[in-house]
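Please look through the following structure, and then work through the questions and answers below.

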Amino acid sequence: MSDNAHDRGITLVTGVAGFIGFHVARRLMALGRPVVGVDNLSDYYEVSLKEARLRVLQEENGPGPFTFERMDLADRDAVTALFAAHAPRRVIHLAAQPGVRYSLKNPHAYAEANLVAFLNVLEGCRHGKVEHLTYASSSSVYGANTAMPFSVHDNVDHPLSLYAATKKANELMAHSYSHLFGLPTTGLRFFTVYGPWGRPDMAVYAFTRAIARGEPIRLFNHGQSLRDFTYIDDIVEGVVRVSDRAAAPNLEWSGARPDPASSFSPYRVYNIGNHTPVPVTELVALIEAELGRRAETILLDAEPGDVPATFADVDDLMRDVGFRPATPLAEGIRRFVAWFREYEGAPP
Ligand SMILES: NC(=O)c1ccc[n+]([C@@H]2O[C@H](COP(=O)([O-])OP(=O)(O)OC[C@H]3O[C@@H](n4cnc5c(N)ncnc54)[C@H](O)[C@@H]3O)[C@@H](O)[C@H]2O)c1
């Protein structure tokens, strides 16, 4: 952990009403660190869940440590004013238009939220002399790569969806700012995150809700896809540790054999995943066991943009911040379903 003076600085958390942003902000404030949170409360999934997360942050912390600003990060002037008003020392940028499948339907939402907004955040960090920008990338950048586990030292030049392409673009944009302006940046490639207060558009929540209601669930790729499901507390631990350790130049980096995960500039990329791929059918079995109900399944072919497997190599994360995710899926699903029952008022 950083020294006390460092810890007194404000951390700007974008996407604070979102799943991961909510948990990161909550953890930072539990550590006594003030947070300015930004979100536009997009209606990609139910806004009531985002509002409920914000209520928790406000009730737990009050107006002192927690300031919320509702704004669209694609609005350049608003972002300039945000950085001028709060002068954040560190930025954890988690706001984005997520979702692989939706990027086939509404690609322009990704250009705005993931490219324009990212540039605005980079500019804010540059002019605000931010000490470290940590931002969300995604396991989806591995695209057509098949070498397992996925390594940050492999090239990722073959995205299979526009969502993945925007996340890879974020890494490239970050590198240019790390180089030109000496802005330390670290990209975190998250692997299928789940847990309490999770996202209703993702498998864990969507399956749980459907099974609890007696509705059928659709298993793409006949349920045979492997996913490296990663528990939210592990993601938060990794994000906070990484944010506290500003990216530094890799003095051994060579342009003759360029390592994609680091640079001669203060730039890093890490995987953060459970390094334990599990078939989707096993996820369904765990949810069935927790709910005490059988799922009705509809088996379908893989969808365009889907990848058959994800599996994180987390050696670099472990080496640099001394942590790797380890929550077993069964334990995480137990905690998720307990929260789901409470939040949705589902029958016990
Ligand atoms: N959850 C996962 O499994 C996963 C996996 C890989 C990467 N990621 C990335 O992690 C980050 C956080 O994901 P999440 O699961 O918490 O998603 P989320 O959708 O719950 O949170 C993102 C938040 O950003 C906000 N937002 C979107 N566009 C905005 C804009 N233009 N201005 C301001 N706010 C905006 C949304 O309203 C939302 O509350 C995202 O960058 C996502 O792409 C998530």
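Axes are lines fitted to C-alpha atoms, for helices over the stretch in contact, and angles run from 0 to 180 degrees between N-to-C directions. Helices (H or I, at least four residues) and strands (E, at least two) are DSSP runs, numbered from the N terminus. This is a predicted model, in which local features need pLDDT of at least 70 and side-chain atom pairs count only at pLDDT 80 or more, while totals for chains, interfaces and linings use all residues. Residues are numbered from 1 along each chain as its sequence is written, and side-chain values use heavy atoms, with hydrogens and water left out.

Q: At roughly what angle do the axes of α10 and α12 cross?
A: Helix α10 covers residues 280-291 and helix α12 covers residues 329-344. Their axes come within 10 Å, and the angle at which they cross is roughly 50°.

Q: Which word describes how α10 and α12 lie to each other?
A: Angles under 35 degrees count as roughly parallel, over 145 as roughly antiparallel, 65 to 115 as roughly perpendicular and the rest as oblique. The axes cross at roughly 50°, and therefore α10 and α12 are oblique.

Q: Are α4 and α6 roughly parallel or oblique to each other?
A: The axes of helix α4 (residues 76-86) and helix α6 (residues 107-128) come within 9 Å and cross at roughly 30°. With that angle, α4 and α6 are therefore roughly parallel.

Q: Is the crossing of α2 and α9 left-handed or right-handed?
A: Helix α2 packs against helix α9 (residues 232-243) at an angle of about 60°, with their axes 10 Å apart. A crossing is left-handed if the near helix is turned anticlockwise from the far one by less than a right angle, and right-handed if clockwise. By this convention the crossing of α2 and α9 is right-handed.

Q: Which element supplies the largest share of the shell around the ligand?
A: The ligand is surrounded by 29 residues, where a residue is near a molecule if one of its heavy atoms lies within 4 Å of it. Among the elements, α2 (19-30), β5 (132-138) and α7 (162-181) each supply at least two residues of this shell. The largest share, three residues, comes from β5.
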